[in-house]
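Visitor: I'd like to learn how to read charge pairs in a structure. Could you walk me through a case?

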Amino acid sequence: MEDIPLPILLVVLILLLILSGFFSLSETSMMAINRYRLKHLAKQGHRGARLTTQLLVNTDKLLGVILLGNNLLNTAAATLVAVIISIFFAHNDLALLIGTICVTLAILIFSEITPKVIAAAYPEKVALPASYVLTPLLKIFYPAVWFVNLFVQGLLILFRLKLKENTSHKIGPEELKMLVLEAGHFIQKKHQSVLINLVDLETVTVDDVIVPRGQIEAIDLEGDDEAIHDQLLTCHHTRLPVYHGHLDNVVGIIHVRKIFNQMRGGKITAAILEKVMQEPYFIPSGTPLFSQLQLFQENRKRIGLVVDEYGEWIGLVTLEDILEEIIGEFTTHPPTQTSTFIRQPDGSIIVEGSILLRDLNRKLGLHLPLDGPKTLNGLILEHFQDIPEAGIGLNIAGYPMEIIQTKNQAVKVVRIYPALPKSGLSE
């Protein structure tokens, strides 16, 4: 090498650093690339994506060829600097020290750190073109890579480390929700909300959206025909349960509009209702909403009566209730139903005790616990382990509350005040 001019040696040194930088770029981009985006591009026929996917199937071999090339080039660069110093500086120890420091800095800056930062910022733009180079290199250097990996496998066996054969990335519901939230720039806020609600649908049960039995409008077939006729004319729902004598004896579901269409203005009687009513459809308590949505579809039903473990029905759930959990409220409430929330000038809110906690959290942005009782009344009764009297105050999850009205062993009306600072929580 003594006959080779210094400029040529420096050019070779720069070339070695650039090639080493390429392997550093490849390593970081391959590990940082979005696997789901990669699969999408591969399905669309992108050749670079297909090559990258094939390389990532065998990560050990991919890393083997990258690190083999990277280390060979870095070693060659360090050796070349030592040769240059020995030729032009006559084995000067100080020059050798300075040269070693300079080549180390050059490798770190130009061949390691800078390429890896760029690759981490633009993994797709780097990995896909790099796959065209790495694929043939892996075939050329396969024997060397295999030999190196043989020692790696031996070390893994020695340390009793077992690698999973399936390295595909699997995500759970919480990770999926995080992906949706982080994709806020690409997904409209409303669509984002729908996707998150769909993910939550498997963890929410019919008990979370149930209409309690005490709030259900139903028809007693043992009532007089005039009362039944008047009730149907003034009802605010299209489907109503019908029962004999008491609500525990539900015998069917009627579609109000179909009855009026068939009667053509005639008198509606209990006998007619019995002829046109459908059999009640019962739902076990605790059924996940997603499962119930599928069951409604399979059974061609829109309303079901929820029964507990003793076989007693405790409320009803409709198809609309489940759809509202996904897309938000879209139905109108009956005129007779008072507003669920009444905001006060002091910032407090008056609510009904029978309101579902999920509705309260969603509509008012609260964070009341959902792992126990389903209604505000149930939450307060659990808190006191007794029936509280009107005027009593309490604090649940940082929200001061006041009992406004209790009736029939239940809390009917509650005032909720703005949440206290976390440092000031007290009960």
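Guide: What follows is a short talk about salt bridges and a nonpolar patch. This is a predicted model, where local features need pLDDT of at least 70, side-chain atom pairs count only at pLDDT 80 or more, and totals for chains, interfaces and linings use all residues. Residues are numbered from 1 along each chain as its sequence is written, and side-chain values use heavy atoms, with hydrogens and water left out.

Visitor: How many salt bridges does a search of the whole structure find?

Guide: Side chains of opposite charge can pair when their charged atoms come close. The cut-off is a side-chain nitrogen of Lys or Arg within 4 Å of a carboxyl oxygen of Asp or Glu. Here the search turns up ten. One of them joins K374 and D208, at 3.1 Å from N to O. That pair links distant parts of the chain, 166 residues apart.

Visitor: Is D208 buried or exposed?

Guide: Buried means under 20% relative accessible area, exposed over 50%, and partly exposed in between (1.4 Å probe, protein chains only). D208 is buried at 10%, while K374 is partly exposed at 29%.

Visitor: Which residues are linked in a network of salt bridges?

Guide: E325, R358, D359 and R362 are.

Visitor: And which residues form the nonpolar patch on the surface?

Guide: Patches take residues with over 30% relative accessible area and no salt bridge, joining like charges within 9 Å and nonpolar side chains (Val, Leu, Ile, Met, Phe, Trp, Tyr) within 5 Å. Areas come from the Shrake-Rupley method with a 1.4 Å probe, and for residues only the protein chains shown count as cover. This patch consists of L94, L97, I98, I101, L105, L108, I109, F110, I113 and V117, with about 970 Å² of accessible area together.

Key
Helices (H or I, at least four residues) and strands (E, at least two) are DSSP runs, numbered from the N terminus.
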